[in-house]
Amino acid sequence: MLGWTRKVCGDVLAGVGALTDARDEPRIPTARVAKTLFVMTLARLGSFNALEQTSGSRAWRAVLDGGPPSADTLGRVASGMRPDELRAQLRRLYSRLKRNKALPAPWHGLVSLVLDGHESTASYLRTCPGCLTRTVRTAAGEREQRYHRYVAASLVGEGFHVFVDLEDLVPGEDEVAAALRLLARVRAAYPRAYDVVVADALYAQARFFEAVLASGKDALVVLKQEARDLYKDALGLCALTSPVAFERDGKTLLAWDVEGLTSWPTLGRPVRVVRTTEIRRVRRQATGETEELPSEWTWVTTLGKARAPTQAVADLGHGRWDIENRGFNEGANEWSLDHVYRHEPTAMRVIALLTMLAMNVLHAFHRLNLKPALRRRWSLRHVARMVAAAVYGALPHAAPG
């Protein structure tokens, strides 16, 4: 896999080895620490303890020209590393994939930048300078809980999901404030990588739409606030028009599309609302009968009908789930993305960015390097386990008896 990245994605391991940290005269080179952390995430080892148990593997000697550093060293050095250098590596990987035409646009031609918040850890006992605090009611009374939350950004197109950056929430601010900082940084680093910014209902705020429009992009956000005049007016107009029917991913969609709504005075410009009723058919195993499960979605967007027809808006809106399913859910359950390797803000940010880089590499390898027939046989999880097997399989075997 690392050999493939050298040919297609640039030498990702060498790029990681070029990272620096704040130490003046390090006894253990930063490159050795950074490569160890990256291979640890790529092999999904999940913890420093698991890594130390594989320290005798010949695989480490092949990658590092020596064994991995201790858990204490890895955590301490990660605390002094520079997250912006890792963001540059994510940008470098994206550029190589784009140059190799590995990131195709969907049928409607619009690539989305998806923003979403994620809570990575919470504790009643552990704390650090970057912790947020909240009061939680428990059976024993009210307790102060400390937690970490960040906003992540990913590019979503035809069959691909690529993490590009994240931004931590700091005490005293909301998620949208962190998202605006993240949006400005992503806009500077990826000015032509996306066409529309997609987010959930929390981002249906004028300040967010204004920032997206000021960056020269369009916005598409879930609309859920039933008390808003915009929501009420959209529903009233939808009741007066006939829906458009189409199929998507085995579901039947009835869509209403209303343009030119001016019921959002704080935004100061007309917007478009698309509402869908979706019917998913499920065959119950117990009875053999087919059951229809309806769901409803509403989005508000600045995209015009000429640029994004109704079906394209529905596709873009549902594409937001990629950051949940192929991002946070897979990251937490398969990649230990929420594991606290060291409870220190910079170390947590660095390892999260390294994990996102490893996720991008493995997804690209599975999608681009494996032939279709082999890709149907080998799931992404199977390939990830083969990477881990390369580490565990090179351990020296204990003598019998």
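## A pocket, a helix and a hairpin

Let's start with the largest pocket, which holds about 320 Å³ of space. Keep in mind that the model you're looking at is predicted. How does anyone spot a pocket like this? Rolling a probe the size of a water molecule over the atoms shows where empty space is left. Here, 27 residues line the largest pocket, and the ones nearest its centre are H148, D168, P345, M348 and R349. Strand 1, strand 3, strand 4 and helix 13 (345-368) are the elements that give two or more residues to this lining. Helix 13 supplies the largest share, with six residues.

Now move over to helix 8, which runs through residues 175-189. Which residues of helix 8 are buried? They are E175, V176, A178, A179, L182, L183 and V186. Look down the axis of helix 8 and these buried residues fall within an arc of 145°, so they line one face of the helix. That spacing has a simple background: an α-helix has 3.6 residues a turn, so residues three or four places apart point the same way. The cover over the buried residues of helix 8 includes strand 1 (112-123), strand 3 (141-156), strand 4 (161-168), strand 5 (196-199) and helix 9 (206-214).

Strand 2 (residues 132-138) pairs with strand 3 in the antiparallel sense, over seven bridges. The two strands form a hairpin, with two residues between them. To find your place there, look for T138, which stands opposite G141 in strand 3.

How values were computed: Residues numbered from 1 in each chain as written. Predicted model: local features only at pLDDT ≥ 70, side-chain atom pairs only at ≥ 80, totals over all residues. Heavy atoms only, no water. Helix = DSSP H or I, 4+ residues; strand = E, 2+ residues; numbered from the N terminus. Expected span 1.5 Å × (residues − 1). Buried < 20%, exposed > 50% of the residue type's maximum accessible area, 1.4 Å probe, protein only. Arc of directions from axis to C-beta. Contact = heavy atoms within 4.5 Å. Pairing = 2+ DSSP bridges. 1 Å grid on protein atoms, 1.4 Å probe; cavity = no way out; pocket = protein on both sides within 12 Å on 5 of 7 lines; lining within 4 Å. Points joined across faces, edges and corners; volume = space filled by probe spheres on them.
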